[in-house]
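Hi,

Here is the structure I promised to pass on to you.

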Amino acid sequence: MGKINQGILGGVSGQVGNVIGGTWKGIDYLRIKPSSVANPRTEGQVDQRSKFSTVLKFLQPMTDFLRVGFKQYANKMTQFNAAMSYNLNNAITGAYPSFMVDYASALVSRGNLTGAANGAASSPSAGNVEATWTDNSGSGSALATDKALIALLNTTRGEAVFTTAGPERSVGTATIPVPSEYSGEDVEVFLGFVSEDGTKVANSSYLGSVTVA
């Protein structure tokens, strides 16, 4: 049973009819109890939940990386939610129940800083993945001092290895150590950049799938 405090004009505590009242940080509030949904599992809802689950599985191992990668788009939402929103709308392929992430269309960093040129990835030695790129400093907003953002996603294990402070753009290469148990497994490689002062971020480039030596 709900109670009306301080008379009819006072705050409501609990439920009165379909109105629920309460107090949050000293502020009285009212909300309407939502009506029951006749069919909570319509085709559209099932599709959307499946897409959401697919993108969530993709991004969760990179949560800390996304705090840098999507910092410019965290307006009234978290960086993770901004990444979820972008990839739900732009990086899903296939049809229910076989939705997949199109890595070439996915972004793990997003911004208006000039991105990587001629990025490539390989595993030249045991336990290491190497990313290379052409130094395009001076092209657009690219500066020699921009730091590489590199993420390696191991979908088999649901894990990621990444750096948000890699070598400078002018260096043109970065070697990322990975756990020894990754040997023989594939990692999906993404490369972006962040400005030296951390205020600008580049869209990530997908460098492909690499089998770890």
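**A bridge pair and its sheet**

The strands involved are β7 and β8 (residues 128-134), which run antiparallel to each other and share four bridges. Strands here are DSSP runs of E with at least two residues, helices are runs of H or I with at least four residues, and both are numbered from the N terminus; two strands count as paired if DSSP finds at least two bridges between them.

β7 and β8 belong to an open, antiparallel sheet of three strands in the order β7-β8-β11. At its edges are β7 (117-122) and β11 (173-177), each pairing on one side only. From one strand to the next the twist averages 15°, with axes fitted as lines to C-alpha atoms and angles between N-to-C directions running from 0 to 180 degrees.

**Before you go further**

This is a predicted model, so local features need pLDDT of at least 70 and side-chain atom pairs count only at pLDDT 80 or more, while totals for chains, interfaces and linings use all residues. Residues are numbered from 1 along each chain as its sequence is written, and side-chain values use heavy atoms, with hydrogens and water left out.

**The chain overall**

The protein chain holds three helices and 13 strands. Of its 213 residues, 37% count as buried, meaning under 20% relative accessible area with a 1.4 Å probe, protein chains only (exposed is over 50%, partly exposed in between). Among contacts (heavy atoms within 4.5 Å) between residues at least 6 apart in sequence, 60% join residues at least 24 apart.

**M84**

Where does M84 sit? Its place is in helix α3 (residues 79-90). M84 counts as buried because its relative accessibility is 4%. Leaving aside residues up to four places away in sequence, M84 touches F52, V55, L56 and L59. V55 is 29 residues from M84 along the chain, yet their C-alpha atoms are separated by 6.6 Å.

**The largest pocket**

Which element gives the most to the lining of the largest pocket? That is α1, with three residues. α1 (43-59) and β9 (147-154) each supply at least two residues of this lining. Among the lining residues are T54, K57, F58, Y103 and N154.

Enjoy looking through it!

Methods
On a 1 Å grid over the protein atoms alone, a cavity is a set of points where a 1.4 Å probe fits but cannot get out, and a pocket is an open set with protein on both sides within 12 Å along at least five of seven lines; lining residues have an atom within 4 Å of a point.
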